[in-house]
Amino acid sequence: MEDHRCKFWLPKKNRFCSNSQLSDSGFCGNHMPRCNGDWSPCPIDPSHSVLKENLEAHLKVCPLLKQKQSLSLQPFFQKGINAVDKVGDDHDVITSEMKRSAVYSLTVTDFNKLIEKIASLHDSLCNNIVDSTKFPEACNMWIKREIDSKLPFQEKHVKQQASIIGNLEDFGVLNGSCRNEESDGDILDPVPAVVEFGAGRGYLTQMLADCYGIKRVYLVERKSYKFKADRSLRQKENLILERLRIDIEDLNLNGVESLQGVPYLAIGKHLCGPATDLTLRCCLPKQSSEYKVDQFSGNASLKGLAIATCCHHLCQWKHYINKKFITELGITKEEFHAITWFTSWAVDADHGSDLSTDGILHLQSMEGEQCDQNANGVEGIVKNMKAVERAILGFMCKQIIDMGRMMWVKECGLDAALVKYVPAVISPENHLLIAKRP
């Protein structure tokens with residue numbers, strides 16, 4: 001009897017695929033050999049691809065179509081409201097591969113000058129970023145694991161969350177009165193609402209609600225997650241929770257009806273790449289010269305913010321919040337993308353003992369290199385750099401990028417600071433931007 005099963009071997013299951021073959025093929029539709037030229041990313045969701053000949057029909061039945069349509073009908077959805085839309089801006093995403101190719105195409109002399117420029121700028125701009133690990137007493141119930149055993153507990157994440165909250169308290173955004181609503185005295189300037197950007201499962205907000213009695217919560221996340229904090233948050237008496245399923249780029253906070261007239265605290269743990277810039281525009285739209293003020297008629301009021309930045313290698317020139325700062329430093333758009341690529345090196349070295357950007361980069365002289373390194377150009381020099389040197393350079397670039405963000409927030413009239421909120425041994429992504437209304 002002829003076997004019409006797919007001929008694709010599944011090594012983990014130690015058998016062939018059990019689906020039926022397509023006609024004139026030994027494989028099923030999932031495992032049919034693909035020619036890249038015949039496939040196109042789905043315009044609705046590029047995470048999956050479709051045969052070009054079937055693309056038109058697929059757009060009518062794509063299972064994500066209804067989901068996207070329903071998301072776009074939300075009252076707080078405004079396409080691209082927090083993205084830059086200027087004439088002449090390059091709207092293409094610059095990938096890491098493109099950034100690497102651009103760096104490797106530099107001459108040794110130009111590469112050397114760029115490294116010297118980064119070191120010089122870092123020395124003049126980033127000399128007041130302090131270590132600020134704070135574990136407030138209010139978070140002891142989490143730190144000492146005196147919480148519901150059903151809640152997930154990973155020590156490194158709990159320490160990061162507690163220190164983010166501790167820095168907010170130390171900076172004057174949170175205070176002891178927020179923790180004790182039963183006290184006889186008046187509650188001094190409590191924070192009635194928290195908006196967590198890039199919330200994921202929402203456990204940073206969970207800690208805030210557990211330890212500081214926050215009563216109004218908004219979780220902003222474009223993806224769906226299992227094992228969210230939502231269930232335990234909804235069990236809290238008098239707590240109002242809204243999960244906003246939306247990309248930060250398209251979020252108009254003034255379209256969130258229940259947030260109008262309510263001061264709020266914006267938080268985010270590890271907001272990857274441009275998500276930090278999009279969040280800052282979302283929270284401070286009227287202060288951004290890239291917008292028309294009449295786009296915003298609501299009155300959602302930012303009280304303070306704490307954003308743990310992350311994944312600077314994903315940053316894009318078109319999204320970056322403070323291009324003026326970068327250009328005034330003499331950094332071109334191409335050099336900015338090179339700097340973002342260097343940031344990925346910050347995780348290269350062993351972080352068992354904290355790295356310090358205070359040290360001098362002992363890079364080899366690139367002007368007078370031996371012919372064997374010159375023969376390989378910049379790529380050869382990069383491959384011969386020590387991991388610790390690469391990591392130090394990566395941290396320098398991260399701090400320059402975040403310093404520009406902090407300066408922008410200050411220009412918006414807020415008190416702001418940039419600190420290292422945990423040691424690199426806990427997380428090399430350890431920079432926290434905090435700010436508050438004066």
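**Charged pairs and cysteines**

Select Arg 222 first: in this predicted model, Arg 222 is exposed, at 55% relative accessibility. Asp 247 sits in the loop between strand S7 (240-245) and strand S8 (263-272), while Arg 222 sits in the loop between strand S6 (216-221) and helix H8 (230-234), 25 residues apart. Asp 247 is partly exposed, at 23%.

Next, select Arg 243 and Asp 230, whose side chains meet in a salt bridge at 2.8 Å, N to O. This pair links strand S7, which holds Arg 243, to helix H8, which holds Asp 230. Arg 243 is partly exposed at 23% relative accessibility, whereas Asp 230 is buried at 7%.

Move to Glu 429 and Lys 398, a salt bridge with its closest N and O atoms 2.7 Å apart. Glu 429 is in the loop between strand S10 (415-420) and strand S11 (431-436) and Lys 398 is in helix H13 (residues 387-411), so the bridge ties together parts 31 residues apart in sequence. Both partners are buried: Glu 429 at 13% and Lys 398 at 2%.

Then select Asp 277, Asp 402 and Arg 405, which salt bridges with shared partners join into one network. The whole structure has eleven salt bridges.

How many disulfides are there? The count is zero. Select Cys 126, buried at 6% relative accessibility: its closest cysteine sulfur, in Cys 397, is 9.9 Å away, too far for a bond. Finish at Cys 211, also in no disulfide, with the sulfur of Cys 139 nearest at 4.2 Å. Cys 211 is buried, at 6%.

Key. Residues are numbered from 1 along each chain as its sequence is written. This is a predicted model: local features need pLDDT of at least 70, side-chain atom pairs count only at pLDDT 80 or more; totals for chains, interfaces and linings use all residues. Side-chain values use heavy atoms; hydrogens and water are left out. A disulfide is a pair of cysteine sulfur atoms within 2.5 Å. Buried means under 20% relative accessible area, exposed over 50%, partly exposed in between (1.4 Å probe, protein chains only). A salt bridge is a side-chain nitrogen of Lys or Arg within 4 Å of a carboxyl oxygen of Asp or Glu. Helices (H or I, at least four residues) and strands (E, at least two) are DSSP runs, numbered from the N terminus.
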